[in-house]
Amino acid sequence: MAGGPGGGGDGAPDGRLIVEGQASPFASPSKAASAVTGTASNGWPLWRTADGRTLDVLRQQLQQS
C-alpha cells in the first residue's frame with residue numbers, strides 16, 4: 001500500500017495492514033486509518049496503492065470478477 005493519511009504501509013501475509021510507525025498490524029483499513037488520523041475514518045477510500053487506486057476501487061474490482 002503506497003499511502004494514506006500518515007504515509008506508507010504494506011500488507012501482512014495474513015491480510016492485515018502494516019502501517020509505518022505503528023507497532024501492530026491492523027485487521028481493517030478503517031482501523032489503520034483511525035489509528036493514523038486519530039479520529040474515526042473510513043479506510044477503504046483513504047488508502048491508495050502505488051498506482052493511485054483506492055482500496056475501495058480494488059475491492060469493487062474483485063467483487064465484479
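Accessible areas here come from the Shrake-Rupley method with a 1.4 Å probe, and for residues only the protein chains shown count as cover. On that basis the accessible surface of the protein chain comes to about 4,000 Å², of which 51% belongs to carbon and sulfur atoms. The model is predicted, so that local features need pLDDT of at least 70 and side-chain atom pairs count only at pLDDT 80 or more, while totals for chains, interfaces and linings use all residues. Residues are numbered from 1 along each chain as its sequence is written, and side-chain values use heavy atoms, with hydrogens and water left out.

Along the sequence the protein chain follows the pattern β-β-α-α-α, where helices (H or I, at least four residues) and strands (E, at least two) are DSSP runs numbered from the N terminus. Of its 65 residues, 25% count as buried, meaning under 20% relative accessible area with a 1.4 Å probe, protein chains only.

The largest nonpolar core consists of seven residues, Leu17, Val19, Phe26, Ala32, Ala33, Trp47 and Leu55; such a core is a set of buried Ala, Val, Leu, Ile, Met, Phe, Trp, Tyr and Cys residues joined through side-chain atoms within 4.5 Å. The elements that give two or more residues to this core are β2 (17–19) and α1 (29–37).

Threonine 54 lies in the loop between α2 (43–46) and α3 (55–64), and is buried, with a relative accessible area of 10%. Leaving aside residues up to four places away in sequence, threonine 54 touches Trp44, Pro45, Trp47 and Arg48, contact meaning heavy atoms within 4.5 Å.

Conventions
Buried < 20%, exposed > 50% of the residue type's maximum accessible area, 1.4 Å probe, protein only.
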